[in-house]
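Here's a quick briefing to read with the model open. Take a look at the pockets first, then at one hairpin.

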Amino acid sequence: MTAFMRSGNGRVPGSSVQDPMNRVTTSRLSRSFKLVLAAAVSWLVLAAGAGGALAADWPCWRGPYRDGICRETGLLKEWPEEGPRLLWKCRELGEGFSGPAIVGNMLYTMGQRNGVEWVIAVDCAHGGQVIWATPIGPIRHSGGGQPGPRSTPAVHRGKVYALGMNGDLVCLDAMSGAGDWHRNLVFEFAGRIPKYGYSESVLIDGRWVVCTPGGPQCSMLALWRLNSEKVWACPAGDGAGYSSIIKVSIGGVHQYVQFTDTGLIGVQVRGGKLLWRYEKPSNDTANCSTPVWNLRQTIFAASGYGTGGGLVWPKRTPQGEFQPEEVYFTDKMQNHHGGMIAWDWHLYGCSNPSDLTCMDWKTGEVKWTDRSSGKCSLLFADGMLIARSEKGLVSLVEATPEGFRLKGRFAQPERTRRSTWTHPVISGGRLFLRDQHLLLCYDLREGSLEEKPKEEEKKRRRSRSRRTRDE
């Protein structure tokens, strides 16, 4: 295990790279004590919740249950032509596709600047100001032509856990960004970086950090969360794909399920034993989407590149072993990396190239498809789907098997020239959209559209008051 601490001179430890965000991490903090104090109060309030997370938090990849479902209510059911009300913008994230993890009013993500990967903390209560940025290591991988980290951090009990695309796995203090520990999946666990870089978002499960180094002796790895010591390694022989682990309980056995470069595997939580594998949804290029579990006995996994997806039942035999039984396979859900949502016994996802699709979970029967939303990533909230196209279009669609029902659509402002592959996130009634260096925060609360004219009227009154004083 290597030591990891931020250097006070604004340089990345172990390198000669100057910290491009040093003005944020040092001078701004010293000049803005009130801002930091407010952020600390926000964090202390949220820490009172179980595990340091509240109901509205989005503490990790695809939310607290890693299913892409936001359980907040009281959100807008329709959007005006210009979209929901924009609250603020942050333009300091750097390159990357890393999504936001949000606890209270603190948002954590990752970015790349000047050849270095960073974990970044943003204060959502004060206009999206960057509170701290911690370097985790120099870039040693091109990302297959798509530079920048793509993992979403996980926040748990005052700590931030993040994985860079080069295999740098770190634990940081959520308030200060100070480093607790640093491991490297390649150098220390013989992991193999996939073609497009490590992309999974690590799973925090109680006292453990669980991830996928990929390799003959360490396909999946569990580390102690507090000190990063190894708990077990699963020698399944699979390389890392671009998916993320989910935890399930099937046949009375707790399992970690991962979509590796070879296929879907189930690994026993206690001891890391390989239980079963299902390879039909796998392709030879990139397995990206996180598997979907319906909280019963079946799991759905899918990939793009002309492949499709299958529903599998890892059936437990009388001898205690697991035998995967395919329920069905379909080429109507070729989900690339936009993710899938299981809701009310139906599955929603974008099938390549751009068919937003609703299908019956149990049978695979397609209920409807629509191409107007583009190739998109999905989020479910309050009975609605938020579909974000890789070209910047954002759509609000009713989540119903009865047909495609569009309830609003707008084009993201200040688009970069890169694809917008970062999934949308909702926390505290706010919608967060990332496009490389840019982070946008929208108000989705019911009644928020009525607040906009009131604010504009207040601004006009203040402007008239200033003109009167000047005269």
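Predicted model: local features only at pLDDT ≥ 70, side-chain atom pairs only at ≥ 80, totals over all residues.

Numbering starts from 1 along each chain as its sequence is written, and side-chain values use heavy atoms, with hydrogens and water left out.

**Second largest pocket**
- Its lining splits into 15 nonpolar, 16 polar and 2 charged residues.
- The volume of the second largest pocket is about 600 Å³ (the space filled by probe spheres set on grid points, which are joined across faces, edges and corners).
- A pocket here is an open set of points on a 1 Å grid over the protein atoms alone, where a 1.4 Å probe fits, with protein on both sides within 12 Å along at least five of seven lines; lining residues have an atom within 4 Å of a point.
- Arg150, Ser199, Cys288, His337 and Trp421 are the closest to the centre, out of 33 lining residues.

**Largest pocket**
- This one comes to about 880 Å³.
- Among its 34 lining residues, Pro64, Tyr65, Arg66, Asp67 and Lys247 sit closest to the centre.
- The lining counts are 21 nonpolar, 5 polar and 8 charged.

**Hairpin**
- Strands β13 (residues 220-224) and β14 (residues 230-234) run antiparallel, joined by 4 bridges (strands are DSSP E runs of at least two residues, numbered from the N terminus; two strands pair if DSSP finds at least two bridges between them).
- Met220 faces Cys234 in β14.
- With 5 residues between the strands, the hairpin has Ser228 at a positive phi near 70 degrees.

Key: Nonpolar A, V, L, I, M, F, W, Y, C, P; charged D, E, K, R; others polar.
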